[in-house]
Amino acid sequence: MMILSGDPPRNRMLTLVLVLIILALLATPFLFPGAKALNVAAKICVFAALVASYDLLLGYTGSVSFAHTMFYGIGSYAIAIALYGMGPHWGAVATGIVVGLPLAALLALAIGLFSLRVAAIFFAMITLAVASAFQVLASQLSWLTGGEDGRSFQLPELLRPGTVLISKNVLGFEFNGRILTYYLVFAVSALMILALLRVVNSPFGRVLQAIRENRFRAEALGFRTVFHLSYANCIAALVAAGAGILNALWLRYAGPDTSLSFSIMLDILLMVVIGGMGTIYGAIIGATIFILAQNYLQSLMGVASKAASEAGLPLLPGLLHPDRWLLWLGLLFIASVYFFPTGVVGRLRNLGSDKSAGSSH
Amino acid sequence: MTELAATDPLPKPKRDIAPILLPIAVALVMIPLIGSPSTWLTLTAASLAMGMMIFIMASGLTLVFGLMDVLNFGHGAFIAVGAYVATLVLAPFATSLQVDSLWMNLAVLAPAALLSMAVSGALGLIVERVLILPVYGQHLKQILMTTGGLIVAEQTLYAVWGPQIIPTPLPTSLRGSFILGDVAIAKYRVLATLIGLAVFIAIQLVLNRTKLGLLIRAGVENREMVEALGYRIRRLFLGVFMTGSALAGLGGVMWALYREQVHASMSDDLTVLIFIVVIIGGLGSIGGCFIGAILVAMIANYGGFLVPKLALVSNILLMVAILMWRPRGLYAVTSR
């Protein structure tokens, strides 16, 4: 209870699913050998943290930001540039963290103070504009960021796949640097999610919810809403940058497509909406469902597209082509905003509360 | 206090001319910076033309927000759809576009533009009914729904037309420039400026001189009062939304010819641009949108000439500067 900040999942089904996901993630290196399963698991961890930080903004303060990938990208690029430029040692990792996190927070503060001061409705548009400018900037400053190619780099000795920590004949499988990196990603993501739970269940988090429900009233009660919103924006940016750092460490690469592109922003939006806005737990569920679907359903689309083109159907092969994955994502997005805006977590919690209400009669 | 007779005209509200002077001031300041007057004239003409095209695209967005408080993140989709639909007409009649006769060329361009406007207007009808009607009055969901709509529209364009860039060459008679002394002004830019001005004047006339415009302006001020007087403001809104979408389609055609190419991702870049324009102008204000569009285009043209490196962030800097001066945009719409 302490560790969850007094905000348990509040539903038996939901608890079960969450425990299953976490156990599966913990056991991935033993249960599912192979690079793909481990990649998918690491991506789920990183995105769960990233989406949870976005949920702090979207779900708890009710403001739509399109600049979240920018902070994610700042984290990724900071660590990539540091490791690329300074060589693979821990000092470079520390430099990347020390430069990346404050940079993300400062930028978030600047955007927050500027756009929240003028009019809340501008926030979404201004973040979109700033994020697109940043994206162009990152691809233009190729001496620093490597342009469209991005930056690949080496990890410190301890985290490399070649480093065998516990050899195969002790545990029955090899515990190498790659697996250590995976557990690092897992642990830091889990810590960040727990920290976010702490934030949203603090008095500060309650004020954010009050602002979401009625900003005018929150202001009338004496809360400085601009301060609270900017602060939330900074925390979200910090966690996003942290997730970016983990992502870069895992991929050993940072580039525009993996950390800055608009499609990642859409992925985040979709994960929040599917999982359930304003719950933090929704981030874990949303990220898991989405990334599993992305990795395993997309190949199914390819098969379906081929089948459709062999059957000679018009237009369908084009629509089912794996590259058109975003089209179905968009439709799913609209449908989920429309039909179940509370997401999986909200649905499960409602089901639970209906049942308990029914039994008490 | 003096007595007012019933026939006396109402006291006029004070005109706020500072924003109107701003682009003029920017243009004048640039003369010594650029140096050569002929280059300056060419750049100014280019800014005007680009500004008009942006204005045509952005006007619908700002009107829709002003009237019904709906923030449409999918506005860029209408632009791209308009451009793609135009290629349906432009491509088969490519030969008559090659003929060096203004009337022959216009005879192809005009139906292309009209078809684009019709299709994007019809798309506007669908979007309004399907996406916006269910989430009317909820900003958060509007943003999410229309963002989803933008993705679906863009991806459908990819699925139907393929990912490649479609060239849309300018008709022969609109190529080249008018040469006045040592000043060269591209012919197409003159046409774009004329169309943009015509659209601006038409919108202003409708808003300020007709009963329809009166109702729209009244709706911006106080929606419930207009409804209480027995007007169906929802229908009025649908009309405005469709008009805005059709204008976005027209802007898309013009932009496609200006860039001489069509690509599905054009909606992304232009969405950002028109957002900056409507924020600068003040959400809901047509006049502000007009000035904002010209300012953005001026910064793009002058800035691109003087400091090309700065062009990446110049729009953001402009927006920051304007919002520091007037936090709600050049002309704040008072009711929100």
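User: Let's start with a loop in chain B. Which residue is found between α10 (233-259) and β4 (261-262) of chain B?

Analyst: Glu260(B) is found in that loop. Before we go on, keep in mind that this is a predicted model. Glu260(B) has a phi near 60°, a positive value in a residue other than glycine.

User: Which residue of chain A has a phi near 60°?

Analyst: One is Arg10(A), again with a positive value in a residue other than glycine. Arg10(A) sits in the segment before α1 (12-31) of chain A. Because Arg10(A) has 14 C-beta neighbours inside 10 Å, this residue counts as partly exposed.

User: Now helix packing, please. How should I read the angle between α3(B) and α6(B)?

Analyst: Begin with the angle itself: under 35 degrees, a pair counts as roughly parallel. Helix α3 (residues 75-90) and helix α6 (residues 139-161) of chain B pack at about 20°, with their axes 9 Å apart. That is why α3(B) is roughly parallel to α6(B). The crossing of α3(B) past α6(B) is left-handed.

User: Which residues meet there?

Analyst: From α3(B) come Gly76(B), Ala77(B), Ala80(B), Val81(B) and Tyr84(B). They meet Gly149(B), Leu150(B), Ala153(B), Glu154(B), Leu157(B) and Trp161(B) of α6(B). By class, this contact has eight nonpolar, two polar and one charged residue.

User: And what does a perpendicular pair look like?

Analyst: Here the angle falls in the range from 65 to 115 degrees. In chain B, the axes of helix α7 (residues 187-209) and helix α8 (residues 211-221) come within 5 Å and cross at roughly 80°. α7(B) is therefore roughly perpendicular to α8(B). On the α7(B) side, the contact uses Val206(B), Leu207(B), Asn208(B) and Arg209(B), while α8(B) brings Leu212(B), Gly213(B), Ile216(B) and Arg217(B). These residues divide into four nonpolar, two polar and two charged.

User: What is the case for α9(A) and α11(A)?

Analyst: In chain A, helix α9 (residues 203-213) and helix α11 (residues 225-251) pack at about 115°, with their axes 10 Å apart. So α9(A) is roughly perpendicular to α11(A), and their crossing is left-handed. Val207(A), Leu208(A) and Ile211(A) of α9(A) contact Thr225(A), His228(A), Leu229(A) and Ala232(A) of α11(A). The residues divide into five nonpolar, two polar and no charged.

User: How do I read a nonpolar core?

Analyst: In soluble globular proteins, nonpolar side chains tend to be buried together. The largest nonpolar core in this model has 219 residues. Those with the most contacts inside it are Ala48(A), Val51(A), Ile54(B), Val277(B) and Val296(B). Helix α2 (residues 37-68) of chain B gives the most to this core, with 20 residues.

User: What does Ile54(B) touch?

Analyst: Not counting residues up to four places away in sequence, Ile54(B) touches Leu273(B), Ile274(B), Val277(B), Ala293(B), Val296(B) and Ala297(B).

Technical notes
Residues numbered from 1 in each chain as written. Chains lettered and ligands numbered in written order. Predicted model: local features only at pLDDT ≥ 70, side-chain atom pairs only at ≥ 80, totals over all residues. Axes fitted to C-alpha atoms, helices over the stretch in contact; angles between N-to-C directions. Helix = DSSP H or I, 4+ residues; strand = E, 2+ residues; numbered from the N terminus. Parallel < 35°, antiparallel > 145°, perpendicular 65-115°, else oblique. Contact = placed C-beta atoms within 7 Å. Nonpolar A, V, L, I, M, F, W, Y, C, P; charged D, E, K, R; others polar. Core = buried A, V, L, I, M, F, W, Y, C linked by C-beta atoms within 7 Å. Buried ≥ 20, exposed ≤ 12 C-beta atoms within 10 Å, placed from the backbone. Left-handed = near helix turned anticlockwise from the far one by under 90°.
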